Amino acid sequence: MSHSPALLSTLAAAATLMSLGCGDGARTEAERRTFGVAMTATPPTGPNEHGWTVTPEAAQVSVGAVRFFEGRVLLSRAPRFDWYSLIGGTAHAHPGHYVPGDALGEVLNVQTVDLLAGSDLGSANAVTGSYGSLELTLATPTAATDAQNVLGGHQVHVRGTATNATGATVHFDAAVDLPRAAIEGVRFERELKQEPGSVRIAVDLGKWLSRIDFATASPPDAAGISTFPADSQAQNALVRGVEDTSAYVVTWVEGAAQ
């Protein structure tokens with residue numbers, strides 16, 4: 001695995017600065033370490049905001065760099081104005097005044113992840129310290145990173161079935177490309193030393209799909225599959241769901257092999 005010279009320099013500087021002490025002779029030394037990073041998903045647990053119960057049948061994402069920072073995520077008290085709310089969306093919490101701070105680690109592999117099966121993203125090159133957040137990059141897939149072309153050139157692909165209380169059923173197949181590839185300010189708070197363990201990123205598919213009114217999907221094609229037109233509520237809602245930092249639940253798994 002390769003590492004960016006800028007981040008390796010930052011990690012080295014962090015280790016040096018953190019070992020300088022606090023004037024009273026005390027020393028807090030940052031040490032180099034590695035830890036595994038994996039990604040998986042959790043399914044929706046109930047109807048979404050529009051009363052649709054969604055069963056994902058496939059969910060893939062092209063994952064690029066994952067970077068860890070010391071900066072903690074503060075949630076704004078007042079939600080920002082979101083034009084999407086004018087067409088039926090709901091305001092959700094978002095990072096307010098987020099400052100990443102020093103970089104503490106990174107994984108640079110680019111790969112296609114089957115979220116329903118889960119996948120290892122690689123080993124993070126890192127230092128010990130007080131972790132507060134991470135940045136997840138969704139990369140544009142290539143023939144090398146998506147050999148089976150399950151993403152069709154897009155960053156995210158989701159397929160499944162949605163039903164509502166009236167008996168309506170929508171078989172959907174949708175894709176997403178974010179305006180900005182980096183999802184910044186994902187919460188991960190841990191004082192990390194040399195204990196064995198790994199990071200698990202769980203994508204909450206319920207959050208991804210929570211805002212979608214599946215009645216705005218396209219009419220079904222000959223195979224009975226609906227898509228999300230570019231200007232539809234369904235497509236805009238899916239983009240907002242993928243951008244939602246609270247859709248990514250990051251935990252430390254104790255005792256896992258480094």
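How many bridges join β10 to strand β11 (residues 248–254), and in which sense do the two run? Seven bridges connect them, and the strands run antiparallel.

## Basis of the description

This is a predicted model, in which local features need pLDDT of at least 70 and side-chain atom pairs count only at pLDDT 80 or more, while totals for chains, interfaces and linings use all residues. Residues are numbered from 1 along each chain as its sequence is written, and side-chain values use heavy atoms, with hydrogens and water left out.

Helices (H or I, at least four residues) and strands (E, at least two) are DSSP runs numbered from the N terminus.

Strand β10 spans residues 197–204, and seven of its eight residues are buried, so the strand is largely enclosed by the rest of the structure. Buried denotes under 20% relative accessible area, exposed over 50%, and partly exposed the range in between (1.4 Å probe, protein chains only).

Two strands are taken to pair if DSSP finds at least two bridges between them. Strand β1 (residues 32–42) pairs with β10 in the parallel sense over seven bridges, and Val-37 stands opposite Val-199 of β10.

## Salt bridges

A salt bridge is a side-chain nitrogen of Lys or Arg within 4 Å of a carboxyl oxygen of Asp or Glu. The whole structure contains ten salt bridges. One of them joins the side chains of Arg-67 and Glu-135 at 4.0 Å, N to O. Because Arg-67 belongs to strand β2 (residues 53–69) and Glu-135 to strand β6 (residues 129–138), this pair ties together parts that are 68 residues apart in sequence. Arg-67 is partly exposed at 24% relative accessibility, whereas Glu-135 is buried at 14%.

Glu-184 and Arg-180 form another salt bridge, at 3.2 Å, N to O. Here Glu-184 is partly exposed at 34% relative accessibility, and Arg-180 is exposed with a relative accessible area of 53%. The side chains of Arg-187 and Glu-189 meet at 2.8 Å, N to O. Arg-187, at 38% relative accessibility, counts as partly exposed, as does Glu-189 with a relative accessible area of 37%. Salt bridges with shared partners also join Arg-67, Glu-106 and Glu-135 into one network.

## Helix α3

Ten of the eleven residues of helix α3 (residues 233–243) are buried, so this helix is largely enclosed by the rest of the structure. Among them are Gln-233, Asn-236 and Arg-240. In terms of contact (heavy atoms within 4.5 Å), the buried residues of α3 pack against β6, β7 (156–163), β8 (169–176), β9 (182–192), α2 (205–209) and β11.

Leu-238 lies in this helix and is buried, with a relative accessible area of 1%. Leaving aside residues up to four places away in sequence, Leu-238 touches Ala-174, Val-176, Trp-208, Leu-209, Ile-212 and Phe-228. The C-alpha atoms of Leu-238 and Arg-211 are separated by 7.1 Å, although the two residues are 27 apart along the chain.

## Nonpolar core

A nonpolar core is a set of buried Ala, Val, Leu, Ile, Met, Phe, Trp, Tyr and Cys residues joined through side-chain atoms within 4.5 Å. The largest such core has 54 residues, of which Phe-35, Met-39, Phe-68, Leu-115 and Trp-208 touch the most other members. Strand β2 gives the most to this core, with six residues.
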